[in-house]
Amino acid sequence: TGKWHLGKNKLANPNARGFDKTWWQVGGTPGSHFDWSAPNPRIMNHYFENDLPQKEVPENLFSTDFYTDKLISYLEEDKDKNQPFLGVLSFSAVHLPIHCPESHIDLYEGKYKEGYAALRSKRLQKQKELGIIAEDVELANMPPNASPWEELATEEQLYHARRMEVYAGMVDNVDGNVGKLIAYLKKTGAYDNTLIFLMSDNGGAGFNGYQSLGGKKRYAAADNSIDNLGRKGSNDYIGAGWGSAISTPFRLFKRHISEGGLRIPMIVSGGYLNSSIKSKFKGVINKNIFTVRDIAPTIQEIVGVNYPKVHKGRDLLPQTGKSFAKLLTDNPTLAIHPKDEIFGWELFKRKAVQKDGWKIVWIESDFGKGKWELFNLKEDPTEKNDLADKYPDKLKEMISAWEQYKKENNVIISIGPNKFP
């Protein structure tokens with residue numbers, strides 16, 4: 001249930017991809033979290049149950065609550081079948097527009113009045129106290145499209161702070177709904193044999209406004225007064241300053257292939273991980289690289305199935321991820337990817353490649369330099385010190401790695417203007 005950003009036609013929708021029961025939002029952006037409107041008025045059908053368009057709006061709808069209840073209802077319908085299940089609860093929160101149910105909208109009132117720079121500093125200090133990052137790690141530079149907090153007028157500060165209060169309420173509501181699902185699994189006895197992956201899909205959302213014509217029209221027509229922020233009729237976002245704070249301590253945020261856009265939190269939990277396994281993890285920090293591509297092979301190994309080479313008469317490309325199942329059951333310091341493996345990314349003409357702790361990044365100005373930058377992530381995880389001039393041979397080696405990645409994955413870089421800052 002929830003957001004489906006993996007194709008819109010009948011060959012690519014979740015039912016075609018193997019799900020038996022689905023209630024899904026087409027594409028990445030909801031029109032609202034309070035109704036089934038689309039982000040663009042030209043889109044006639046934006047929500048479906050299985051293949052049937054959905055228009056009727058339940059009373060007191062909020063998307064996060066609805067998607068959780070819907071997934072629980074599907075599990076309840078099948079609970080007597082005594083067979084395994086794969087459930088995907090893909091919240092459209094906390095994607096813009098920032099909306100919040102009335103029960104959560106004032107939970108964080110006053111929490112963010114000191115501003116995003118202060119929040120970044122506090123989070124950095126806490127990360128160091130917990131041992132998550134090294135003592136000598138410095139905060140990444142603030143993004144160029146974030147106004148210095150002290151230069152904002154008092155009214156602007158209050159407005160920015162209210163945006164983050166609403167966003168935090170959204171996150172809190174997600175947390176409560178995850179708890180609701182876990183409580184259901186425990187009540188039915190399924191929790192003890194369930195493995196749960198909870199993850200984000202990118203770094204904080206740091207863009208300052210809408211780019212599409214439909215989005216701009218909805219924003220202009222919205223009531224984004226400070227008293228209505230997060231409520232019905234509003235249509236707002238958190239902006240670059242808070243997006244950067246969410247991605248502390250890393251550089252930039254969503255839409256970028258810097259660490260702030262790529263590194264995300266993931267929690268692995270559930271009754272499948274018994275107490276003896278959990279005790280092995282206490283105090284352990286694994287600095288090895290893991291990617292979203294590793295999740296499917298991990299699940300396959302745990303449930304004892306092999307990825308097919310042929311499906312319905314069609315040859316399949318091989319999986320590129322690696323299983324980390326043994327990390328969950330035996331070895332919390334496990335490394336699953338070889339040191340010389342190449343990891344590459346491309347998004348909105350921005351590109352990056354990483355190998356053995358080194359990374360090159362190409363981001364247009366003003367966010368980047370409009371040329372390749374070189375970073376040693378082991379010593380500089382926040383990408384502050386460009387070493388391209390100091391180590392030209394390493395830069396050349398990494399550019400070659402990018403070309404290899406580009407060829408192997410058929411990467412095509414647009415020659416058009418970049419519409420997504």
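Student: Where is N82 found?

Tutor: N82 sits in the loop between α1 and α2 (116-130). Helices here are DSSP runs of H or I with at least four residues, strands are runs of E with at least two, and both are numbered from the N terminus. This is a predicted model, where local features need pLDDT of at least 70, side-chain atom pairs count only at pLDDT 80 or more, and totals for chains, interfaces and linings use all residues. Residues are numbered from 1 along each chain as its sequence is written, and side-chain values use heavy atoms, with hydrogens and water left out.

Student: Why is N82 called exposed?

Tutor: Look at the cut-offs: buried is under 20% relative accessible area, exposed is over 50%, and partly exposed is in between (1.4 Å probe, protein chains only). N82 has a relative accessible area of 75%, so N82 is exposed.

Student: Is L252 buried or exposed, and what makes it so?

Tutor: L252 has 3% relative accessibility, so L252 counts as buried. L252 lies in the loop between α5 and α6.

Student: What is phi in N82, and what is phi in L252?

Tutor: Phi of N82 is near 55°. Phi of L252 is near 60°. Both values are positive, in residues other than glycine. Most residues other than glycine have a negative phi.

Student: Why are α1 and α3 called roughly parallel?

Tutor: Start with the angle. Axes are lines fitted to C-alpha atoms, for helices over the stretch in contact, and angles run from 0 to 180 degrees between N-to-C directions. Under 35 degrees counts as roughly parallel, over 145 as roughly antiparallel, 65 to 115 as roughly perpendicular, and the rest as oblique. Helix α1 (residues 63-77) and helix α3 (residues 154-188) pack at about 10°, with axes 9 Å apart. They are therefore roughly parallel.

Student: Which residues of α1 and α3 make the contact?

Tutor: Contact means heavy atoms within 4.5 Å. Among them are L71, I72 and L75 of α1, and V174, L181 and L185 of α3. The residues of this contact divide into seven nonpolar, four polar and four charged. Nonpolar covers Ala, Val, Leu, Ile, Met, Phe, Trp, Tyr, Cys and Pro; charged covers Asp, Glu, Lys and Arg; the others, Gly among them, are polar.

Student: Which peptide bonds are cis, from T248 and at S365?

Tutor: The bond from T248 to P249 is cis, with omega near 5°. P249 is in the loop between α5 (240-246) and α6 (259-262). Another cis bond joins S365 and D366, with omega about 20°. D366 is in the loop between β11 (358-362) and β12 (372-376). Most peptide bonds are trans.
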